[in-house]
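Take a look at the structure first, then we'll go through them by topic.

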Amino acid sequence: GAIRAYRNAIDLYVDTLNWDRHPNLIDTYANLGSLLRSLPKQAKDAGKYLQKALELGLHIRGESHVLVGNDYANLARWQYDSGARDRATQGFAQALAIYSGNVRKRALPADHFFIAETLTWQGRIAVERDTAAAGKEGEPLLRKALDIWPAQLGPNTPGENLAKAYLGRAIGLQRSDDTEACRLLCEGYQRLKQDPQASPEVLRRLRGWLEEQRCSCEESPASSK
């Protein structure tokens with residue numbers, strides 16, 4: 001029903017009203033693309049709507065607009081899903097640059113969750129390369145994300161728990177005997193597996209890392225709560 005409503009709205013703006021440069025159309029493209037991305041059978045179509053949202057956002061709102069940063073990030077998530085990791089990395093970097101510019105202009109708080117989410121994605125992509133160098137690259141990104149996540153949304157959000165688990169892996173890739181690595185990986189995993197919306201693929205990856213790093217989670221703070 002939501003897909004149908006979004007497509008009807010697009011038809012109304014573009015074909016009936018001839019408002020093919022209306023700001024509301026940007027958000028409709030972005031919302032439809034994000035919805036399709038969550039549906040495996042229709043995920044391929046998501047990219048074209050997210051690309052349209054970005055192109056129209058750049059044209060109407062300009063390169064420095066916060067919502068254009070979101071458009072870059074939305075498209076980058078789809079590129080990640082599609083296996084285009086390098087392009088996704090570039091998209092998240094562009095989003096973060098826009099957010100940082102708005103922080104400098106005091107148009108966006110430095111602890112906004114947009115920034116935390118982008119840093120988490122950047123760290124995630126780095127860590128999934130599964131090398132010590134990747135862990136070194138991802139660690140500062142994920143530590144910064146963890147500092148930011150609770151500021152507006154409170155503790156223990158899915159984004160914070162994902163960043164925590166990935167930080168545990170980033171540390172483990174570099175320093176296999178560091179107890180912080182298992183503690184963070186266990187805490188993040190234990191909390192994420194309680195989330196009905198958690199990605200099964202992510203949970204499988206985290207379980208593999210727990211086994212590889214020989215982490216025992218029985219005594220982790222997350223499992224005792």
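The cysteine count comes to two disulfides, going by sulfur atoms within 2.5 Å of each other. Keep in mind that this is a predicted model. If you number the bonded cysteines of the protein chain in sequence order, you get the pairing 1-3, 2-4.

**C182 and C215**
- The sulfur atoms of C182 and C215 sit 2.0 Å apart, and the two residues form a disulfide.
- C182 is in helix α9 (residues 179–192), while C215 is in the segment after α10 (200–212), so this bond ties together parts that are 33 residues apart in sequence.
- The torsion about the S-S bond is about -80°, so the disulfide of C182 and C215 is left-handed.

**C186 and C217**
- C186 is joined to C217 by a disulfide, with an S to S distance of 2.1 Å.
- Helix α9 holds C186 and the segment after α10 holds C217, so the pair links parts that are 31 residues apart in sequence.
- For C186 and C217, the torsion about the S-S bond is about -80°, so this disulfide is left-handed.

**Burial**
- Are these cysteines buried or exposed: C186, at 1% relative accessibility, and C217, with a relative accessible area of 10%?
- C186 counts as buried because its 1% is under the 20% cut-off.
- C217 is buried too, since 10% also falls under 20%.
- Over in the other pair, C215 has 13% relative accessibility, so C215 counts as buried.

Technical notes. Residues are numbered from 1 along each chain as its sequence is written. This is a predicted model: local features need pLDDT of at least 70, side-chain atom pairs count only at pLDDT 80 or more; totals for chains, interfaces and linings use all residues. Side-chain values use heavy atoms; hydrogens and water are left out. Helices (H or I, at least four residues) and strands (E, at least two) are DSSP runs, numbered from the N terminus. Buried means under 20% relative accessible area, exposed over 50%, partly exposed in between (1.4 Å probe, protein chains only).
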